[in-house]
Every structure is written in C-alpha cells, then in structure tokens.
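Here is a friendly walk through one protein model. Take a moment with the sequence and the 3D view, and then we can go through some local details and the overall picture.

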Amino acid sequence: MPAPERIPTGRLSAMEHTAEPAGPLPGPADPQDPAAPAAERTGSLPGAFLAEGELTVRGRIQEASNAVLYCTVERDGRSAACVYKPVAGERPLWDFPDGTLAQREVAAYEISRACGWDLIPTTVLRDGPFGTGMVQEWIAPPGDADEVPELLALVADEEPAPGWKAVGRAEIGEGRTALLVHADHPRLRRLAVLDAVINNGDRKGGHLLPGAGGEFFAIDHGVTFNSADKLRTLLWGWAGEPLTEEALAVLRGLKESLADSGPLTARLAELITDDEIAALRARIDGLLRSGRHPEPSGEWPAIPWPPV
C-alpha cells in the first residue's frame with residue numbers, strides 16, 4: 001500500500017509537500033492491547049491535541065480499502081486513541097482528481113463543526129510516521145450493549161413502524177426482499193442534512209459509530225464535496241419532507257460563514273478546490289430555496305454498495 005500508485009495526482013498546492021511513507025505499514029491493530037498506553041475519550045478532543053501531540057502507530061485496521069492505522073497521541077502527560085490515514089496509503093479515484101481523501105475528511109469535519117452539531121469526531125491534517133495524513137479522534141464502543149442505538153434495520157413489514165423511516169426494499173437472498181428502514185432520530189436527521197451539504201457519496205451503515213450514552217458519530221468522509229451530484233446514502237427516509245426549523249437556521253448561518261472573506265472559506269480553500277467551494281454554496285442555496293430534504297436525482301445510484 002505504500003507504493004507511489006497509491007498517491008493521487010493533481011493534488012492541491014497545500015499538499016505538494018506530502019512525504020513518502022517511512023517504511024512498510026504495520027500489522028493488524030488491537031485497540032484492546034494491554035501493552036498500549038491507556039487512552040481516553042472524554043468528549044470532543046481539542047484539535048491542537050491531535051495536531052501537536054506525539055503520534056504512535058499501534059497497528060493497522062483491516063478490511064479498509066485504504067490505509068487506516070490505529071494510533072495513540074500523547075501530549076502533556078495525557079494520552080488518547082486516534083485513527084491516522086496517511087495520504088500515501090490512499091487509493092486514487094478517477095472522479096476526484098484534485099486533492100486527497102484526507103483533505104476532504106478534514107473539510108467535512110470543518111463543516112460539521114460550523115453547523116454546531118458535533119456529528120464528526122475531531123479531525124485534523126498533520127504529518128505522521130507515514131507522511132501527511134488525516135488524524136481523527138477514536139470512538140470507542142460503549143461498554144454496555146444497551147447503550148448502542150438501533151439506527152438501521154431490515155423488517156418484514158410493508159410499512160415502517162412508528163419511530164422509523166422507510167428507505168426502500170432490499171433483496172435478502174433466495175428471491176426474498178425486506179424493507180430497509182432507519183430510525184427517525186433527530187441526530188440522524190441532522191446527519192442527513194450534513195450529508196446533503198457536503199455531497200456525501202458513501203453514507204453506509206458501517207460509518208455510524210456508537211459512542212457512550214446512546215450517542216453516535218459519523219466517519220469516513222473521503223468521497224465528499226464533488227462538484228457533481230454524488231449523494232449516495234442510506235438516510236433517504238426524510239426525502240422530500242420539509243427541513244426542520246433548526247436545520248434551516250443552521251443552513252442560513254452556514255451560508256453567512258461561507259462569505260468570501262470568512263475564516264471558514266479560507267480554511268476550506270486549503271482543503272478543496274474553488275469549484276468545490278462554489279458547488280458547496282450552491283447546494284446550501286438550493287436547500288434553503290426548497291426548504292426540503294433532497295430526493296434521489298435518478299442520475300446516480302442513490303444507495304451505496306455495499307450498504308454496510
């Protein structure tokens with residue numbers, strides 16, 4: 001995976017300095033390894049802690065199409081777990097010729113933070129043992145299974161039960177189908193709005209991580225901000241429905257934050273292209289004009305594959 005063909009061409013000037021990996025990637029990670037320093041998650045980690053702390057790779061997380069490394073970061077006697085995705089371990093994408101997955105992951109976090117919804121774990125761009133990459137706060141699963149929220153399900157019913165929204169029929173083998181549903185959850189609905197704003201091309205069920213206290217977080221935002229409509233998601237249950245007053249207020253605030261001279265625009269200019277920023281503004285304007293959740297365009301597969 002550290003071979004040069006993993007490094008996308010045509011990246012933005014902000015990434016021209018990307019280094020080659022320092023050596024072969026490590027073996028599988030074991031987040032429960034007792035030899036590793038104790039790591040914590042006490043809510044959203046400060047970005048400076050992730051950006052400036054000493055980063056130590058503990059192992060590689062398997063079953064990922066790109067390099068994903070489990071790490072600890074230490075600073076001032078404090079240790080926390082994190083994920084590190086080096087640019088040199090990225091698989092090039094023909095429809096994202098500019099920038100990198102890491103840059104778009106950080107851009108998605110910046111938009112989430114501007115919305116005030118804390119949907120994406122703290123994410124920064126920094127140098128690491130294998131070159132520049134994205135570093136993101138690790139979300140440890142809750143110790144009690146009862147704290148894991150049920151967000152997606154396949155049911156035999158024709159209509160969703162109260163508290164659930166229908167996505168569509170799904171094949172489950174041997175010619176049988178089931179109804180795919182997701183929870184009618186306010187945090188999940190905010191995520192559906194965020195995905196529409198950042199044009200998320202890959203919102204899968206496995207990208208929703210349960211945290212403590214019944215909350216959850218969204219990860220894997222490398223295929224976002226495309227100038228063309230690429231929205232693919234499992235969260236179509238609100239398609240065509242009016243946006244909440246909260247969402248409309250957030251979108252109006254986001255539009256103001258994306259003024260030409262604003263700090264958010266300056267930050268995004270380091271991460272995505274001018275065309276992608278223009279398309280971002282256009283998507284926000286479109287949501288405000290319609291006042292509704294978007295519907296599938298019919299020009300692009302609406303559901304990611306595999307859905308999990």
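Let's begin with Pro46, which is found in the segment before helix H1 (47-52); helices here are DSSP runs of H or I with at least four residues, strands are runs of E with at least two, and both are numbered from the N terminus. With a relative accessibility of 42%, Pro46 counts as partly exposed. On this scale, buried means under 20% relative accessible area, exposed means over 50%, and partly exposed lies in between, using a 1.4 Å probe and protein chains only.

Leaving aside neighbours within four places in sequence, Pro46 is in contact with Arg78 and Thr122, where contact means heavy atoms within 4.5 Å. Pro46 and Val124 are 78 residues apart in sequence, and their C-alpha atoms are 9.9 Å apart in space.

## About the model

Please keep in mind that this is a predicted model, in which local features need pLDDT of at least 70, side-chain atom pairs count only at pLDDT 80 or more, and totals for chains, interfaces and linings use all residues. Residues are numbered from 1 along each chain as its sequence is written, and side-chain values use heavy atoms, with hydrogens and water left out.

## The whole protein

The protein has six helices and 10 strands. Of its 308 residues, 47% are buried. Among contacts with a separation of 6 or more, 69% are between residues 24 or more positions apart.

The protein exposes about 14,500 Å², and carbon and sulfur atoms supply 51% of that area; accessible areas come from the Shrake-Rupley method with a 1.4 Å probe, and for residues only the protein chains shown count as cover.

## Helices H3 and H6

How do H3 and H6 cross? The axes of helix H3 (residues 186-198) and helix H6 (residues 274-290) come within 8 Å and cross at roughly 135°. Axes are lines fitted to C-alpha atoms, for helices over the stretch in contact, and angles run from 0 to 180 degrees between N-to-C directions. This makes H3 oblique to H6: angles under 35 degrees count as roughly parallel, over 145 as roughly antiparallel, 65 to 115 as roughly perpendicular, and the rest as oblique.

On the H3 side, the contact is made by Ala196, Val197 and Ile198, and on the H6 side by Leu280, Arg283, Ile284 and Leu287.

## One aromatic pair

A search of the whole structure finds one aromatic pair. The ring centres of Tyr70 and Trp138 are 4.7 Å apart and the planes lie at 75°, so the pair is edge-to-face. Rings of Phe, Tyr and Trp (its six-membered ring) pair if their centres lie within 6.5 Å, with planes under 30 degrees apart counted as stacked, over 60 as edge-to-face and the rest as tilted.

The pair links distant parts of the chain, 68 residues apart: Tyr70 sits in strand S2 (residues 69-75), and Trp138 in the loop between strand S5 (133-137) and strand S6 (152-155). Both Tyr70 and Trp138 are buried.

## Two positive phi values

Most residues other than glycine have a negative phi. Asp76, in the loop between S2 and strand S3 (78-86), has a positive phi near 55°. Asp76 is exposed, with a relative accessible area of 75%.

Phe225 is not a glycine either, yet its phi is positive, at about 70°. Phe225 lies in the loop between strand S10 (216-218) and helix H4 (245-257). Is Phe225 buried or exposed? At 0% relative accessibility, Phe225 counts as buried.
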